[in-house]
Amino acid sequence: MVNIKLNGKPLQVKAGTSILKAALADEIKIPALCAHDDLDAWAACGLCVCKVEGSPKMVRACATEVVEGQNYITHDPELQEIRTTVLEMILANHPQECLTCGRSNTCELQSLAGDFGIREIPYEMDIKDIEADKSTPSIVLDPRKCVSCGRCALVCQQLQNVWALEFLERGHKTRIAPAGGVLLNESPCIKCGQCSAHCPVGAIYEKDETKKFLAAVRDESKHVSVQIAPAVRVALGEAFGMEPGTLVTGKIYAALRKLGADSVFDTNFSADLTIMEEGSELVHRIKNGGVLPQITSCCPAWTDYMEKYANDMIPHFSTAKSPMMMQGVMTKTYYADQIKKDAKDIYTVAIMPCTAKKYEITRDDNMWASGEQDMDLVLTTRELARMIKAAGICFDCLEEEDADSPIGEYSGAGTIFGVTGGVMEAAVRTAYKLVTDNELEDMNVHAVRGMAGVRKGVVDFAGTEIKVAVAHGMAHVEEILNEVREAKEKGEEPPYHFIEVMACRGGCIAGGGQPYNTNDTVRAQRVAGLYNDDEKCVTRRSHDNPEIARIYKDFLGAPMSHKSHELLHTKYQE
Ligand code: HC0
Ligand code: SF4
């Protein structure tokens, strides 16, 4: 530990702590636009300057480690004047469009300008004259609003290892853009949206499609059917002042009905369906000498990455569609039959924690299995929060409601899909039954839980060892893929039977469309929320979900049946 003083007050902190973090631990907030808990400090914005008593030089609090015995001055009138000047200079290059900006009310720059009482800008305004890049279905990049904090480029490079974004130009013209100045959809971008979740201002944001939802619910010829993803239920509450991890499933169902949805289902149901298909596919591969390891394919940013950079892994990909797509096709076939409607008269909407899901529905691999577009619209958690606010709904006051039947009930296995390792754990719970014909005794598969970027484990299937690996955050994926490649080259046994990959750190609970200010503390709270949901579910295994049993009995036949293949499976572009 190191003994320091903050504004004269003695404090003990761990060696290696930055002044910024030491101050935060003592409830002192030093302003910063570039620093983020997920990223290495790189001192870009200049707002966090502090004084060291006895030294003539000022230091950047985000990038300076505390030194034994020093006294740091974090706030005084001179520092306030310097920070005000820095803010005024940033604002002179920033469009004053707060009223129409997607980050209004959540913008970190707006909030600092408010805190510092900035009423006029004493510099000549100089706004970049560059059009917003709307080329992807997922995110919008508006370089005019870029404050050059660099968070998006760092997140894309360090967390995701994608390197789609970099700094272009010099001086006050500096801006973030896809490498080479191309459009985002021509760049390596995998649409994960992590840049949008880390941007402090409105320079990168999710493509807002709420108007499409409002038009659909006004169209009386349409039956609007909405599903909610696993991770949304433990994060949406944050937009209404609740603690991260608060489980608000029943309130979301109620809010969606108030917004005009005709039926409300749950992606967790189809997560259970995915396990039936993907688990059966795994067992089939193991028993029949199929390509191993099998790799999950439900994360669309990961499938995009794999098609671009790991094409050799395509035969390993599970052909099972993602739960979201399965829910869409089941809504437009099985449920359509039940309510006696044509697929064309049903409008399917998914509320997702993810911006890449907006891209997934535009892919052309078996996404029209019902004869119509299976999923019509994807909205992120952030978009849903805005719609609830605009509709004047008191979210906190809503009575909890149930999902509709027959494709709304879910097991604990379905809900943990939203956590890194959750798909694996859910698959193990069902595959164990398929392989051994017995039930797994301890349903908490600890080997695949946790936050390490790569986790490897062995699960004992009554004498048969099933080797599994989990990776999250794209930067961790290559380590596992390389192990698979090496074993292939050497003609050795595959190192794993099953691999789960999720593009975002923590899995979907920290997806690019989730409420802002996600860090590891928030991730841990959301993860705990989903494991709690699992523990209190009546059934915790996908194959025990009674609505799953019914859909196979009444409609699909059996997992991997001809009908299941037609509707629930796909293939990837080799
Ligand atoms: Fe996920 Fe999913 S778990 S990708 O993170 O598999 O977005 O929450 O909806 O589809 O279920 C996201 C979350 C989903 C899908 C599910 C999977
Ligand atoms: Fe990089 Fe993801 Fe943003 Fe694309 S969406 S630029 S891959 S962080």
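**View 1. An open sheet of four strands in mixed pairing.** In this predicted model, the four strands follow the order S12-S17-S16-S15; strands are DSSP runs of E with at least two residues and helices are runs of H or I with at least four, both numbered from the N terminus, and two strands pair if DSSP finds at least two bridges between them. Strand S12 (294–295) and strand S15 (454–461) stand at the edges with a single partner strand each, so one side of each has no neighbour in the sheet. Strand S16 (residues 464–472) and strand S17 (residues 498–502) run parallel and are joined by five bridges, and His472 has Met502 in S17 as its bridge partner. Residues are numbered from 1 along each chain as its sequence is written, while chains are lettered from A and ligands numbered from 1 in the order in which they are written. Because the model is predicted, local features need pLDDT of at least 70 and side-chain atom pairs count only at pLDDT 80 or more, whereas totals for chains, interfaces and linings use all residues; side-chain values use heavy atoms, with hydrogens and water left out.

**View 2. The largest cavity and its lining.** A cavity is a set of points, on a 1 Å grid over the protein atoms alone, where a 1.4 Å probe fits but cannot get out, and its lining residues have an atom within 4 Å of a point. Grid points are joined across faces, edges and corners, and a volume is the space filled by probe spheres set on the points. The model has five cavities of 30 Å³ or more, and the largest holds about 250 Å³ of space. Its lining comprises 24 residues, with Cys298, Cys299, Lys357, Met502 and Cys508 lying nearest the centre; helix H8 (267–288), helix H9 (300–309) and helix H10 (323–338) are the elements that give two or more residues to this lining. When Ala, Val, Leu, Ile, Met, Phe, Trp, Tyr, Cys and Pro count as nonpolar, Asp, Glu, Lys and Arg as charged, and the others, Gly among them, as polar, the lining divides into 19 nonpolar, four polar and one charged.

**View 3. Ligand 2 in the second largest cavity.** The second largest cavity holds about 100 Å³ of space and is lined by 15 residues, of which Cys156, Cys189, Ile190, Cys192 and Cys195 are the closest to its centre. Helix H4 (151–159) and helix H5 (194–198) each supply at least two residues of this lining, which has 11 nonpolar, three polar and one charged residues. Ligand 2 takes up this cavity, in the sense that more than half of its atoms lie within 2 Å of the grid points. Among the residues around ligand 2 are Ile139, Val162, Ala164, Leu165, Lys191 and Gly193, a residue being near if one of its heavy atoms lies within 4 Å; the shell divides into nine nonpolar, one polar and one charged.

**View 4. The aromatic pair of Phe317 and Tyr572.** The structure holds nine aromatic pairs, in which rings of Phe, Tyr and Trp (its six-membered ring) have centres within 6.5 Å, with planes under 30 degrees apart counted as stacked, over 60 as edge-to-face and the rest as tilted. The ring centres of Phe317 and Tyr572 are 5.1 Å apart with planes at 80°, so this pair is edge-to-face. Phe317 lies in the loop between H9 and H10 and Tyr572 in the segment after helix H18 (562–568), so the pair ties together parts 255 residues apart in sequence.

Definitions and conventions:
1 Å grid on protein atoms, 1.4 Å probe; cavity = no way out; pocket = protein on both sides within 12 Å on 5 of 7 lines; lining within 4 Å.
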